[in-house]
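Open the model in your viewer and keep the selection panel at hand. The stops below say what to select and what is there.

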Amino acid sequence: MPPISSFFDKTYRTPDFLTHKQMKRRAFLKSAAGASAIAAMPVISLSAMQQVQFGELIKTDPWLTLDATLNHLLPSSPTGPSAQEIQATAYLFQVMTVQPTEQEETDFIFKGVGWLNDYANSQKSQNFAPLTFEDKEQLLSGISKSTAGQNWLNTLLGYIFQAMLAPPSYGGNPNGIGYQWLEHQAGFPLPEKGQRFFELPSRARIAVQVQSDNKEPLIARKKNNSQRINKA
Amino acid sequence: MTTSPIWDICIVGSGAGASPIAHQLSKAGAKVLVLEKGPWLTEKEFFKDELTISIHDAYNPKLNDEQHVIEEEYLDENDQPFWQGEKTSDSGWSWWNGNVVGGSSNFMSGYFHRLKPVDFRLKSEFGAITGANVADWPISYDELEPYYAKVEREVGVSGRVVDHPHQEPRSTDFPYPPIAELPMSSWIDKAANKIGYHAIPVPRAILSKPDMGRRSCEYSGYCSSYGCSSGAKGSGRAALLNHAVATGNCTIKANAKVYKIASDSKGEITGVHYYDGLGRKKSVSAKIYVVACQAVETSRLLLASTGEKFPQGLANNHGQVGKNLLFSGGGTGQGDFIFSELTEKKVAELKQVGPFINRALQDWYQINDKAFTGANKQGQAKGGTIDFLFHQNPIARARGTQWASVEDSHESGHDKLLWGEALKQSMKTEFTSYKTLRFEVFNDWLPTDDCFVSLDEDVTDQWGDPVAKVRIGYHEHDLEVGEYLSLKAEKLLEALGAKNISSSVSGYPSTNLMAGGCRFGDDPKTSVLNKNCQAHEVDNLYVTDGSFMPTGGSVPYTFTIYANAFRVADKIKAHWMTLQS
């Protein structure tokens with residue numbers, strides 16, 4: 001299959017990482033009850049070097065466009081914190097550079113930047129970031145009508161939710177601004193840097209390669225013209 | 001390959017089925033080795049972090065490294081059913097429940113309802129059900145009762161005994177008073193009373209006061225699937241293994257993945273083989289072996305442990321290992337309390353977080369209702385338990401607020417993405433205008449020929465060993481009971497004044513509530529274990545997780561797994577003593 005060239009490419013299919021995310025967790029009895037007082041919240045999440053790096057990167061693409069998109073998706077207004085106030089771009093930067101995120105996902109996010117700017121240039125003869133609010137709104141509405149565009153925007157919105165409501169040590173939600181706005185009481189203790197999900201002691205990660213031949217998918221995957229018997 | 005010195009007891013796994021054995025045997029003076037696949041974490045490594053627990057499932061293996069194959073039933077073009085497996089690395093449906101020292105007990109809710117006498121004799125009591133392999137247990141409630149009491153003391157269960165129609169016999173009161181409750185608990189009590197229900201306090205494996213070297217519950221607000229950072233939750237690690245290690249007789253080897261229990265030409269176990277933290281093959285031998293890796297993985301290990309005398313897997317010469325796997329039947333339901341319809345006082349009460357609801361209904365633990373379609377000729381059927389709870393995860397709650405239904409006829413049926421002010425409004429409304437009370441229904445998952453564990457012929461784990469393939473067929477009866485109970489629970493939500501009441505009962509298994517696969521029973525042809533949970537075919541092999549259960553009862557499994565493991569610990573102790581003399 002040739003590479004996808006735009007949000008409107010008819011050969012686009014939703015990437016596996018998104019299909020997995022969209023699948024409802026069916027362990028329905030796993031649940032969390034109760035809640036409690038707000039704990040101490042650190043503000044700083046990126047290291048000094050990462051902050052400098054991020055400050056520079058955000059001036060150019062792809063981060064310039066991602067920042068502009070996130071700021072448009074959650075704009076500054078009196079009704080609630082903006083993408084800037086919840087540090088959504090810094091959070092996404094952290095997801096793309098510090099957290100172990102699937103390559104397929106980071107590739108998709110970056111490809112979307114290219115597709116958005118191509119579309120912006122075709123419609124408005126310039127990149128997305130410098131456009132007016134109305135033009136940006138029109139373009140995002142345009143791409144949201146395509147599956148790829150909807151997937152891309154939805155991916156960014158998912159990270160806005162995380163930036164708003166994840167523990168501040170992950171880079172968003174400074175001083176619990178998202179918790180306060182949504183009147184949510186965080187649990188405690190919250191993780192600090194060094195205690196985030198990807199920094200916990202992991203179980204044995206075996207570096208043996210001998211099984212590589214056995215890792216191929218070996219069972220039929222497609223169930224054409226079939227459906228699960230629905231007894232519910 | 002290196003061989004270590006002989007141990008008295010070697011236990012594979014470290015959760016609720018394993019930890020009582022380690023605790024009791026090491027206290028008795030036996031040299032105990034615990035092999036756990038995951039790392040050894042402590043209270044210092046558990047946080048109230050939704051990303052860790054829910055979104056990245058960080059206490060479990062990555063599915064590309066270790067997974068399962070799940071077989072579901074489909075219809076072909078001619079409406080003929082067939083079973084099709086799917087790798088969980090393809091579906092994203094993890095079947096792991098906490099691969100750390102202490103296992104899934106670190107992440108349990110700790111609803112510690114006992115089984116009731118009727119659960120031990122379902123077949124005698126209600127008769128056979130076509131298509132289900134229902135069997136009575138080879139022991140009675142009376143034999144397990146002292147061990148329930150023991151768990152309440154040793155693990156620490158907080159609760160309050162009340163009279164109710166299905167109260168099981170108890171030899172003792174709870175050793176700890178109930179943990180703190182929310183105002184919702186008294187709302188439920190009043191509403192239940194009004195409609196003739198009996199709301200009962202839920203016993204919890206959570207300390208309500210500091211004891212046994214552990215802190216009390218600190219009401220951090222996120223319990224259930226989160227690891228406990230105070231030590232109040234009675235995980236096998238916090239409650240039992242720490243004390244076992246303190247005896248000086250128990251060694252826990254973390255990051256040790258057991259892949260085979262080897263046996264010789266006489267059918268005797270020669271050792272347990274595992275990969276250590278660096279992936280090296282190691283082996284150990286012991287006088288007595290105990291397997292407790294949670295139901296699916298226990299069956300997988302035995303099936304993978306072939307030998308000259310056991311060509312189909314250890315203790316499996318009658319083909320029973322992996323059969324009659326159980327989950328929990330039932331479903332979930334919910335109702336909303338709309339703040340604008342309530343007084344300020346009520347809203348303030350609803351917004352409280354920290355303590356627990358801790359209310360359950362067991363009025364229909366046995367259904368006596370001729371109108372119930374699933375009843376036997378006497379109008380009797382086994383029912384179940386309904387528990388109430390609030391959810392807390394905010395990121396999960398936010399998901400969905402970005403979608404709006406499109407009313408426009410041109411695009412009808414499609415959802416539209418929201419952003420900007422519309423998104424803000426949607427989020428604010430979701431979080432601040434109502435609160436959802438949920439319930440969970442637990443009823444028996446009937447054992448059938450369509451629910452079992454085998455080894456997948458193609459898919460292997462990161463070490464190259466075949467993964468477990470799980471067929472997840474269910475019995476129609478489970479849905480009927482689940483729906484019957486859900487409707488009862490919905491009536492309570494109505495009496496509470498909740499809106500948007502709904503429930504959902506399905507045949508999908510609850511992957512965190514699993515049992516069966518190595519039934520105990522008197523007949524070696526139809527069971528893997530004898531009544532002491534000792535393998536019929538191998539004298540020095542015991543299975544002490546939930547695998548032993550022929551039927552599972554209508555409550556979460558952990559309490560009964562603990563109680564049975566303490567019971568079997570006495571049998572193993574006696575066995576070990578005979579080997580000493």
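This is a predicted model: local features need pLDDT of at least 70, side-chain atom pairs count only at pLDDT 80 or more; totals for chains, interfaces and linings use all residues.

**Stop 1**

Residues are numbered from 1 along each chain as its sequence is written, while chains are lettered from A and ligands numbered from 1 in the order in which they are written.

Widen to the strands. β3 (residues 69–75) and β20 (residues 466–472) of chain B run parallel, joined by three bridges. Strands and helices here are DSSP runs numbered from the N terminus (strands: E, at least two residues; helices: H or I, at least four). Two strands pair if DSSP finds at least two bridges between them.

Ile70(B) faces Glu86(B) in β4(B). The hairpin of β3(B) and β4(B) has five residues between the strands, and Asp79(B) takes a positive phi near 60 degrees there.

**Stop 2: the six-stranded sheet**

Stay in chain B. Select the open sheet β5-β12-β15-β18-β11-β21, given in sheet order, with antiparallel pairing. β5 (199–201) and β21 (499–505) of chain B have a single partner strand each, so one side of each is left without a neighbour in the sheet. On average, neighbouring strands of this sheet are turned by 25 degrees against each other, direction ignored.

Zoom to β11 (residues 328–338) of chain B. Five bridges pair β11(B) with β21(B) in the antiparallel sense. Gly331(B) stands opposite Val505(B) in β21(B).

Next, show helix α6 (residues 183–194) of chain B. This helix lies across β5, β12 (359–361), β15 (384–389) and β18 (434–444) of chain B, at about 145 degrees to β5(B). Axes are lines fitted to C-alpha atoms, for helices over the stretch in contact; angles run from 0 to 180 degrees between N-to-C directions.

**Stop 3: Asp363(B)**

Find the loop between β12 and β13 (366–368) of chain B, where Asp363(B) lies. Buried or exposed? Asp363(B) counts as buried, because it has 21 C-beta neighbours inside 10 Å. The cut-off for buried is 20 or more other C-beta atoms within 10 Å, with C-beta atoms placed from the backbone.

Asp363(B) touches Pro165(B), Tyr197(B) and His198(B), leaving out residues up to four places away in sequence. Contact means C-beta atoms within 7 Å.

**Stop 4: helices of chain A**

Select α4 (residues 88–97) and α7 (residues 147–165) of chain A. Their axes come within 9 Å and cross at roughly 105 degrees. α4(A) and α7(A) are therefore roughly perpendicular (65 to 115 degrees). Ala88(A), Tyr91(A), Leu92(A) and Val95(A) of α4(A) meet Tyr159(A), Ile160(A), Gln162(A) and Ala163(A) of α7(A).

Move to α3 (residues 63–73) of chain A. Nine of its 11 residues are buried. Among them are Trp63(A), Asp67(A) and His72(A). The cover over the buried residues of α3(A) includes α2 (48–57), α4, α5 (103–124), α6 (133–144) and α7 of chain A.

Conventions: Angles under 35 degrees count as roughly parallel, over 145 as roughly antiparallel, 65 to 115 as roughly perpendicular and the rest as oblique. Two residues are in contact if their C-beta atoms, placed from the backbone, lie within 7 Å. A residue is buried if 20 or more other C-beta atoms lie within 10 Å of its own, exposed if 12 or fewer, and partly exposed in between; C-beta atoms are placed from the backbone.
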